[in-house]
Amino acid sequence: MTDAVHSCLKIADEGRRSFCIADGVRTHGRADPETASAYCLDIQSAAWRAECFFYAADHLAANGD
């Protein structure tokens with residue numbers, strides 16, 4: 001997941017970068033939802049940040065935490 005998010009951070013367009021990070025958390029965050037939620041803090045867009053935290057919380061719930 002770290003590689004995916006680091007790739008996202010290189011995207012210049014804020015909207016696309018925010019989507020990319022949130023999508024990375026959605027698709028790769030299940031193994032480590034705590035770290036995934038930390039990546040959500042890098043998102044500037046309030047809407048995408050909230051969506052990202054939702055994905056991280058969903059992974060926590062799926063893991064029984």
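The accessible surface of the protein chain amounts to about 3900 Å², and 53% of this area belongs to carbon and sulfur atoms. The model is a predicted one. Of the 65 residues in the chain, 28% count as buried. Along the principal axes, the C-alpha atoms fill a box of roughly 35 × 25 × 15 Å. The radius of gyration is 11 Å, which agrees with the value near 11 Å that a compact globule of 65 residues would have.

The secondary structure consists of four helices and zero strands, so that the order of elements from the N terminus on is α-α-α-α. Among contacts between residues at least 6 apart in sequence, 58% join residues at least 24 apart.

Helix H3 spans residues 33-40, and Pro 33, Ala 36, Tyr 39 and Cys 40 in this helix are buried. These residues lie on the same side of H3, because they cover an arc of only 110° around the axis. In general, an α-helix has 3.6 residues a turn, so residues three or four places apart point the same way.

Neighbours within four places in sequence left aside, Arg 17 is in contact with Cys 8, Leu 9, Ile 11 and Ala 12.

Key:
Residues are numbered from 1 along each chain as its sequence is written. This is a predicted model: local features need pLDDT of at least 70, side-chain atom pairs count only at pLDDT 80 or more; totals for chains, interfaces and linings use all residues. Side-chain values use heavy atoms; hydrogens and water are left out. Buried means under 20% relative accessible area, exposed over 50%, partly exposed in between (1.4 Å probe, protein chains only). Helices (H or I, at least four residues) and strands (E, at least two) are DSSP runs, numbered from the N terminus. The arc is that of the directions from the helix axis to the C-beta atoms. Contact means heavy atoms within 4.5 Å. The radius of gyration is taken over C-alpha atoms; the globule rule is 2.2 Å times the number of residues to the power 0.38. Accessible areas come from the Shrake-Rupley method with a 1.4 Å probe; for residues, only the protein chains shown count as cover.
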